[in-house]
There are 4 protein chains.
Amino acid sequence: MSEPGACCAYLGPRGTFCEQAASALHPGDQVELVACASIEATLDAVRSGLAGRAVVPIESSVEGGVSATLDELAAGPPLLIKAEVIVPVEFALLVRPGTALADIKVMGGHPVARPQCRQWLAANLPDALWRQAMSNADAAQQVADGDLDGALAGRFAAHHYGLAVLADGVNDNARAVTRFIEVGAPGPLPAATGSDRTSVVAYLADDHPGALMDILSQFAVRGVNLSRIESRPTGEGIGRYCFFIDCEGHVGAARVGEALMGLRRTCADVRFLGSYPMADQRSGRNGQGGQTVADREPAEIADAEFADAASWLDRIRTGG
Amino acid sequence: MSEPGACCAYLGPRGTFCEQAASALHPGDQVELVACASIEATLDAVRSGLAGRAVVPIESSVEGGVSATLDELAAGPPLLIKAEVIVPVEFALLVRPGTALADIKVMGGHPVARPQCRQWLAANLPDALWRQAMSNADAAQQVADGDLDGALAGRFAAHHYGLAVLADGVNDNARAVTRFIEVGAPGPLPAATGSDRTSVVAYLADDHPGALMDILSQFAVRGVNLSRIESRPTGEGIGRYCFFIDCEGHVGAARVGEALMGLRRTCADVRFLGSYPMADQRSGRNGQGGQTVADREPAEIADAEFADAASWLDRIRTGG
Amino acid sequence: MSEPGACCAYLGPRGTFCEQAASALHPGDQVELVACASIEATLDAVRSGLAGRAVVPIESSVEGGVSATLDELAAGPPLLIKAEVIVPVEFALLVRPGTALADIKVMGGHPVARPQCRQWLAANLPDALWRQAMSNADAAQQVADGDLDGALAGRFAAHHYGLAVLADGVNDNARAVTRFIEVGAPGPLPAATGSDRTSVVAYLADDHPGALMDILSQFAVRGVNLSRIESRPTGEGIGRYCFFIDCEGHVGAARVGEALMGLRRTCADVRFLGSYPMADQRSGRNGQGGQTVADREPAEIADAEFADAASWLDRIRTGG
Amino acid sequence: MSEPGACCAYLGPRGTFCEQAASALHPGDQVELVACASIEATLDAVRSGLAGRAVVPIESSVEGGVSATLDELAAGPPLLIKAEVIVPVEFALLVRPGTALADIKVMGGHPVARPQCRQWLAANLPDALWRQAMSNADAAQQVADGDLDGALAGRFAAHHYGLAVLADGVNDNARAVTRFIEVGAPGPLPAATGSDRTSVVAYLADDHPGALMDILSQFAVRGVNLSRIESRPTGEGIGRYCFFIDCEGHVGAARVGEALMGLRRTCADVRFLGSYPMADQRSGRNGQGGQTVADREPAEIADAEFADAASWLDRIRTGG
């Protein structure tokens, strides 16, 4: 077995989209991928030192934020996001070799799989019963075991379980993707690449009408683009929210750093979740990740403007 | 059986918090409550005319927005929210009469029940196995059937299934509540009560940095308070969101109407979800719902200001 | 003499830039132009019914707002702006025929003339004494009377006073212009032309830090462009200001009307000063005024969007 | 005569409100006060080294900003504001001893004096002729010389010219005040006192509709209060403005410094005019100036919040 630091935990079992995400981040075989039973267990593997990294889903373009991941990042022992990868979610219908459509009486998959394939199922398997499974790969295992006749899962899961792909691309929305993050223990940040994302959780100081606008202004006034904002309940009652915010740029950049300081001063609390290379969505589709988006103002220019303003202020203050 | 119009569908089975919400909205026995198997089925009961009303959960103070409800409201055949009620989520441990803590080997409940009772379970039942059920009430049924030894459910479920309450208030967060809505077919709106809420879904026209601030400004500039904003993916890819927005006031009020017209002009699309009496959280705890929150500017004053401004403008335009 | 209603009062005497502005607005001889001794007297001519219209300067591109005009519009008996015209301010050196540069010992003009010609005077008449006059035309009269040797005035003043133009274009800033307005008694507004301006004075309800931003938001949120904002003291102490605001569009347009209603609701007071055809700066130079600026969203499109939103709201409110 | 550095130039002649302002700032006789003929000459006395300080009016609560002062500060050779003082503008009617009201046929004063005393003059001297003078003190001199029968001026001017106060407090608005500033050569700033003001001139980078809101946001987002904003033409044509902005706080304070850096990055140009003790209006009435306004958040607290945020950011960036 590998050194713990060389292991990467992921939300298993084998054959999930999450395994595919972990493989995209660690394409060779130098990093051992270790399947875990739940998002909590996957993240705890890093916290306990059993693994150096962990890959979990954070956001689906169909289902939205993954609550378990968000809540662990916001309220659990601190972890840092080190990387992200975007994986297209394309479902196949996996069966035992020799099974035909007409043979499928009972089928299954993860609960989120079914609504994503609703149209195909209505047209092709209107009478099949549905049984939800712990994961798509779990459903595939049940097909292999003879407990189900068919499973909705990624086609890459077929060979793990000795199954055949009876139909591919059965998802209704051809552009469905899921964003996965890789987290590690707190410590040095990934170096800035020129195309980075920074993630934080912000808790409003109070719930006056303009409180959310005040938060957004902290970014806008420094020219920092937000790529995502998602509200989550804080658990303290209806109407009490925190906000997961992703912005463009590395926290090492002046404008991002100043925006985060602004949040820190005006919010009840802010938790920094990481700065990491941004996965371009298109490049993510083939698992390459992290390419530079060309039409963005270079971070160096913005930093130079901040440095110029700082030296101007310094001259003013010193009467120079 | 009652006339369809007199039926109220709810997310069953019997003994769920949702049934309790429906009972709070229809306290006597003049309205027949009909349990449905899923949120989709509950809402479809109204769409098909099988029921006049339907009650479903929309937001948990612990788990956040209920995706199935939000997605049905945003993208399914139109429905109108007619009422809301807030129900405290207090879990009890239900067992067959005579069962002691030490007898509980296998227990279950809805997947969201377990994390809400994590601390109590760790302290009192650290070794019990957990099996997730379709609903808390389903777990109670399994206890009655002898398939489980204990179920996490509302204490009101005990009598439906002939069970005993072994422990009450086992949830970690004593203030957990769930907000339920009652929907009906499109048609006349509930009359304004002076303490109302209006819900919409807004789709950004584009994703320029300030797009969300522009939406919030439409409310702020008319003095309309937002009580909730939640982003949801539109299904068109990472980074494409719509926003569920709850604001205070009835759409019949001038300031709310003007704010919604502003949204309509500046957003790619806006779907109106309803104007309905606001459930005060405290009053909701005892199922009364809909009381006026005292420290709010009366809607009549705001409307009078709008009317004054409109007649002022009219005088200007006509040179009067 | 003409009927009072056919008279147009202007800030005299003859030969001022203001007379030129009045002539540009009334090019033929159907309207009798009547010179008045001060801005107050010019405006009072309309208030008393002695004249149907009055032309006064409101803003200089060099000197800024003309206080007397602004204060009369804000606090005097109400008047309506009916038109505007922009006149280039080009000074000539007027002398008695036969006078050479070396003969000029004492010269004069309106106090604002001198700083606008500072460089030319320093280079060409460094030793001439300066005596300020009530107006440029008054200085020209004094030259004619032999009391001064030269006057800074518009070249068009020369023939009124039998003077010669010794030097033309002696102003330092070749692009200096003054904006003049024509006002009339309250009554019907000029019809919308598709390229109009609306002017108001807004008094802040209080002086909280964001009060001015709140005012600006009323325009921004409806997509109304501001062309000018100028603060003026209210006379109630340092730190108490009102704001003269010019925006693009006619008050009859939905978006302008709604923005003004927003001001009315949120400000302590708003005085409407008028909606009138916008003078394009270039067209104003040759006295034509009022041409359409091409790259502006047609008012009809904006009005159609407002009408669409209003009918959408109406359908919502009536459950249609 | 004193050393030039010990001289304080002011807008003369003797007996003006400006002399009173200079006396309030230098109450003893250690600083020699030197009268100058114009605002330009007063400021040039500092630029040329003839005086160490200069006192000029910058803002009248009745007339608004003093254009000559603003334009010199914005576009002339740089000067720094070192102090401010607010002087109540109370006019007296000065006459030669023995003159009665009925004896006054011709009177005079600075052009701004007359409108401030309009009501008193209408009630008491409706038939007296008015001749405008270069300053109120100049009118007093003319009274002493027998050229005028009465002058509107500060009562303190009487003894300079051997005149008597026939009536006091003849101004209509009892609260009229003028703010004067003392400027010096560029160099070290006055130390922060805990109640300071900072002044800048900002030139918009372009004139898009929200440009002014963007400027205001730079202050609002850092919690810096604006005490004054005034637009002035840049001389480049109608519609091109710069903005004189006064904010509360010393540029040495973190939040003010950061706001100014934000201006510097987003504006076409920013000129810093100074940080100096704020004159409380009431204390200014008796010439004491510069007292602390109690209900303001202490600058030390704001600075501590900025320091806390900066060290938090530092920990994040270094992975500590």
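**View 1. Chain B laid on chain A.** In this predicted model, a turn of 180° and a shift of 0.1 Å along the axis put chain B on chain A with an RMSD of 0.1 Å, using least squares on the C-alpha atoms of residues with pLDDT of at least 70 in both copies. That is the relation of a two-fold axis. Local features need pLDDT of at least 70, side-chain atom pairs count only at pLDDT 80 or more, and totals for chains, interfaces and linings use all residues. Residues are numbered from 1 along each chain as its sequence is written, chains are lettered from A in the order in which they are written, and side-chain values use heavy atoms, with hydrogens and water left out.

**View 2. Where chain A meets chain D.** Here 30 residues of chain A are in contact with 30 residues of chain D (heavy atoms within 4.5 Å). In chain A, A:R264, A:R265 and A:W312 lose the most area to chain D, together 26% of what that side buries (accessible area, 1.4 Å probe, lost on being put together and summed over both parts).

**View 3. A salt bridge between chain A and chain D.** A:R264 pairs with D:D308 in a salt bridge, with the closest N and O atoms 3.1 Å apart (a Lys or Arg side-chain nitrogen within 4 Å of an Asp or Glu carboxyl oxygen). The count between these two chains, A and D, is six salt bridges.

**View 4. Helix α9 of chain D.** Of the 13 residues of α9(D), 10 are buried (under 20% relative accessible area, 1.4 Å probe, protein chains only; helices are DSSP runs of H or I, at least four residues, numbered from the N terminus). Among them are D:R255, D:L260 and D:R265.

How values were computed: Buried < 20%, exposed > 50% of the residue type's maximum accessible area, 1.4 Å probe, protein only. Helix = DSSP H or I, 4+ residues; strand = E, 2+ residues; numbered from the N terminus. Buried area = accessible area lost by both parts, 1.4 Å probe.
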